[in-house]
Amino acid sequence: RFPKGVPWVRYHGVYKDLQINIVWPGKDTLFGVDSVGTVSASLVTYASIQALKPDLIINAGTAGGFKAKEAGIGDVFLASDVAFHDRRIPIPVFDQYGIGARKTFSTPNLLNELGLKIGKLSSGDSLDMSPQDEALILANETTLKDMEGAAVAYVADLLSVPVIFLKAVTDIVDGNKPTPAEFLQNLVAVSAALDKAVTEVLDFLNGKCLSEL
């Protein structure tokens with residue numbers, strides 16, 4: 001059970017042989033908008049692991065993509081690595097802690113079977129990209145930019161739960177269109193592409209153990 005008063009929403013059911021829980025952070029209780037960002041993602045991931053004891057987490061969502069890394073609108077990626085791009089701590093070792101670079105759970109058979117693209121994911125709490133963010137993103141050879149993934153990875157790693165990241169590209173970060181407008185323009189169509197990819201992943205997972213992924 002989740003704590004009383006939180007806006008987090010859980011749907012659950014059975015698909016084929018899989019017990020599935022879908023959890024999202026819900027609407028912010030003060031502002032009434034979707035609870036995006038790393039703080040909500042961390043809290044919901046921790047609470048979900050504690051309450052539901054999952055064998056595997058799938059962090060499915062949208063992201064900005066970099067055309068320099070061959071990302072296009074509607075492409076669905078499996079993230080190979082995650083990191084933060086807005087936690088700048090210019091002290092030895094703390095700088096690497098701030099970036100928090102991690103490899104994701106390896107799923108070579110899933111990758112080959114579904115033919116998904118693969119790339120590095122970078123996370124931060126701003127929709128835009130400051131010059132400092134951009135420098136770290138480029139240094140990390142990032143393909144995708146979101147606002148949750150690295151936080152989910154941190155909590156899952158802390159509690160030893162494997163997690164995979166499916167990210168569908170809604171906007172081109174290094175393109176010539178304003179990010180908010182491009183994101184909203186493509187959200188519906190890209191969400192449909194993500195829905196299709198998640199279903200294919202679930203079909204692949206059904207009947208398999210983690211070592212077979």
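I looked up Ile91 and found 44% relative accessibility, so Ile91 counts as partly exposed (buried is under 20% relative accessible area, exposed over 50%, partly exposed in between; 1.4 Å probe, protein chains only). This is a predicted model: local features need pLDDT of at least 70, side-chain atom pairs count only at pLDDT 80 or more, and totals for chains, interfaces and linings use all residues. Residues are numbered from 1 along each chain as its sequence is written, and side-chain values use heavy atoms, with hydrogens and water left out.

I placed Ile91 in the loop between strand 4 (76-84) and helix 2. Helices (H or I, at least four residues) and strands (E, at least two) are DSSP runs, numbered from the N terminus.

Next, I turned to salt bridges (a side-chain nitrogen of Lys or Arg within 4 Å of a carboxyl oxygen of Asp or Glu). I noted a count of eight.

I checked Lys16 and Asp203: their side chains form a salt bridge at 2.9 Å, N to O. Lys16 is in the loop between strand 1 (9-15) and strand 2 (18-24) and Asp203 in helix 6 (residues 179-205), so this pair ties together parts 187 residues apart in sequence. Lys16 is partly exposed at 49%. Asp203 is partly exposed at 32%.

I then looked at Lys103 and Asp81, which meet in a salt bridge at 3.3 Å, N to O. Lys103 is in strand 5 (residues 102-103) and Asp81 in strand 4, 22 residues apart. Lys103 is exposed at 68% relative accessibility. Asp81 is buried, at 12%.

Last, I read Glu200 and Lys196 as a salt bridge at 2.7 Å, N to O. Both are in helix 6, four residues apart, so about one helical turn separates them.
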